[in-house]
Amino acid sequence: MIRGISYLTAALGYAGVLALGVSLAACVETAPPEMVEAIESLDRELLQLRAAEVAPDDYSAFARQWVTLRTRVAAEEDTIRWRWEPNELEQALRELQAEGAKTVARLSEQQETQRLAAARQIADVEARVHTIATQVSAINSRLILAEKPVETDLLLKQARAFYEQGRYDQSLQASDRASLHLAAESALLQRELGRYASPDRIAQWQRMVRETILWSKKHKASAIIVSKAERSLTLYRSGRKVLSYPVRLGFNGIKEKRYQGDGATPEGRYRVAGKRGRGQTQFYRALLLDYPNQEDRRRFLNERKKGRIPASRDIGGQIEIHGVDNELMAQTLGCVMLENPQMAVLFDRVDNGTPVTIVGALLEQNAVARALAHLSVHLDEI
């Protein structure tokens, strides 16, 4: 009898443990850990996507709700419930997880769109920088732009740095500013050098050259024609071409000379005012021109009156056709420079009073006009 009671007691104890196990299996935590971990992961993703900057309202709402729910999670950390019981905390966490996932997906897509746009725009600006640098180099007009190319390059470097940091919106802004700088560079070149593409100005230069050649023919004398765009000097005798040499100009020679120190080579009708041999010039040999002439002075005074030339600037002088012994000095003036052997030949073939006509270009399709046209086409395409 006693043995039977013992079996019964043991059986009842086993049944109790089994019932307790079944009961525990039916209970769950109020805040599922995997859901909490998923929301924390979403929060980290939103921080990486800079949601606080790019979507402040969305992220602020998410963060406020997450702070509130995290406080409740901590408070109910040891609370368990039956599976069939309603759980407002779990439902709130589930909704926050869904909303956070939507925001992450939207911002990820937005970021990828910005990344592609930033990469494309940087490539476009780099192509434009290369185009303008190539054309500026081709016509030796770098100094016209002063510090603008440096500023553009700094902005482009800034755009690349932002891109590498994943800050694509700021990369786009920097490359936009670089693009505006390039447009300003192009506009400046067109303003300073546009006369090379002007049919009226080309016609005027052609007329000046024809008249100089006719003078040479009529007086059976020498005359010199210098074309700045083609970087060429041609000597005529009795109206016929005798020789033609390549030349170099002042450091800003392609521009129209306005005042002393601008480095530009003047354009107009001049004469050889003096021949300077060894010991009379800092160069190999030199032909001094009668710059400034009456037309130069009239233009200078008119420009100063309009406020385009500072009152402290003078009109200058000492414009020469010379050799290269003092090349450093030559680069500070608006002179025309030949190699020494060619200068020796020219020096012997001209006299004081020889006409020297300096023009921007002889043809409408000149080097500067082609460079400006090429620049405009490529900038418009990009």
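A crossing of two helices is left-handed if the near helix is turned anticlockwise from the far one by less than a right angle, and right-handed if clockwise. In this predicted model, the crossing of helix 5 and helix 6 is left-handed. Helices here are DSSP runs (H or I, at least four residues), numbered from the N terminus.

The axes of these two helices, lines fitted to C-alpha atoms over the stretch in contact with angles from 0 to 180 degrees between N-to-C directions, come within 11 Å and cross at roughly 155 degrees. Helix 5 is therefore roughly antiparallel to helix 6, a term for angles over 145 degrees. The residues that meet (contact means heavy atoms within 4.5 Å) are listed below.

| Helix | Residues in the contact |
|---|---|
| Helix 5 | Arg115, Ala118, Ala119, Ile122, Val125, Glu126, Val129 |
| Helix 6 | Thr152, Leu156, Ala159, Arg160, Tyr163 |

A nonpolar core is a set of buried Ala, Val, Leu, Ile, Met, Phe, Trp, Tyr and Cys residues joined through side-chain atoms within 4.5 Å, where buried means under 20% relative accessible area (1.4 Å probe, protein chains only). The largest such core has 32 residues, and Leu189, Leu193, Tyr196, Trp205 and Val368 have the most contacts inside it. Two or more residues each come from helix 5 (88–138), helix 6 (148–164), helix 7 (168–193), helix 8 (199–219) and helix 12 (367–381). Helix 7 gives the most, six residues. Another core, of 29 residues, lies apart from this one and includes Leu233 and Ile315.

Residues are numbered from 1 along each chain as its sequence is written. Local features need pLDDT of at least 70, side-chain atom pairs count only at pLDDT 80 or more, totals for chains, interfaces and linings use all residues, and side-chain values use heavy atoms, with hydrogens and water left out.

Notes:
Buried < 20%, exposed > 50% of the residue type's maximum accessible area, 1.4 Å probe, protein only. Parallel < 35°, antiparallel > 145°, perpendicular 65-115°, else oblique.
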